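I opened the notebook today to look at how the inside of this chain is put together. Here is what I looked up, in the order I went.

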Amino acid sequence: HIIVHPGKNHTFQSFYENLLKIDDNRILIENMSGLDIHGELMFGHTLSDLKSISRIKKICFDFEKAVKSAYYQKIDYKNFIKNCIETLSPTYFHISGGDKNNPIDEHTNLWNSNINFFLIKEQLTALSVDQTTYLTFETPKNKANLNNDCKNITYFKNL
């Protein structure tokens, strides 16, 4: 699969027009955090944006970005995640850590985060009873090996 970020300064129409230029069945669209690293608003962070996008492409649901989006929207992230999963029915997921009180994407280690990963693990476990789910860890890379990824995976498994 090819994971595509919707980016900033888009409307659904402009995003759709650009997506048509690279149409490929392998493309999944990832939900976005509220703001990018420069403080600019991201398209694809609200449930409304994601519902529009999901009519043309599958969503790769990023939990950390959803938490950031919820903070930016001033809504409870646990409810936002639940509503997104129920509405969008994703099967592909990204996970990383971050500060739940910051609207900017961070991709930290899970143990350096204040996000409730136990709740996320429960939701993924429930989903995987009825469907195949795919989870990618987007955690920091250290010294060009997978040791840190393995530590994050083990941390998540042990919740």
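**Entry 1: the core.** I kept in mind throughout that this is a predicted model. I began with the largest nonpolar core, which has 31 residues. Which of them touch the most other members? I found Ile29, Phe61, Phe63, Ile81, Ile120 and Phe156. The largest share, six residues, comes from H4.

**Entry 2: Phe156.** I picked Phe156 from that list and asked what it touches, leaving out residues up to four places away in sequence. Its partners are Ile95, Leu110, Phe117, Ile120, Lys121, Leu124, Leu135 and Phe137. I noted that Ile120 is, like Phe156, one of the core residues touching the most other members.

**Entry 3: H4 against H5.** How do these two helices pack? I read an angle of about 15° and an axis separation of 11 Å. Angles under 35 degrees count as roughly parallel, so H4 and H5 are roughly parallel to each other. H4 passes H5 in a right-handed crossing. On the H4 side I listed Lys78, Ile81, Lys82 and Ile85 as making the contact, and on the H5 side Leu119, Ile120, Gln123 and Leu127. Sorted by class, this contact has five nonpolar residues, one polar and two charged.

**Entry 4: H3 against H4.** I then turned to the other pair. H3 and H4 pack at about 120°, with their axes 9 Å apart. That angle makes H3 oblique to H4. The crossing of H3 and H4 is right-handed. From H3, the contact uses Phe63, Ala66, Val67, Ser69, Ala70 and Gln73; from H4, it uses Tyr77, Phe80, Ile81 and Ile85. How many charged residues are in this contact? I counted none, alongside eight nonpolar and two polar residues. I also noticed Ile81 and Ile85 here, and both had come up in the contact with H5.

**Entry 5: Ser52.** My last stop was Ser52, which sits in helix H2. Is Ser52 buried or exposed? Its relative accessible area is 15%, and buried means under 20%, so Ser52 is buried.

Terms used. Residues numbered from 1 in each chain as written. Predicted model: local features only at pLDDT ≥ 70, side-chain atom pairs only at ≥ 80, totals over all residues. Heavy atoms only, no water. Core = buried A, V, L, I, M, F, W, Y, C linked by side-chain atoms within 4.5 Å. Buried < 20%, exposed > 50% of the residue type's maximum accessible area, 1.4 Å probe, protein only. Helix = DSSP H or I, 4+ residues; strand = E, 2+ residues; numbered from the N terminus. Contact = heavy atoms within 4.5 Å. Axes fitted to C-alpha atoms, helices over the stretch in contact; angles between N-to-C directions. Parallel < 35°, antiparallel > 145°, perpendicular 65-115°, else oblique. Left-handed = near helix turned anticlockwise from the far one by under 90°. Nonpolar A, V, L, I, M, F, W, Y, C, P; charged D, E, K, R; others polar.
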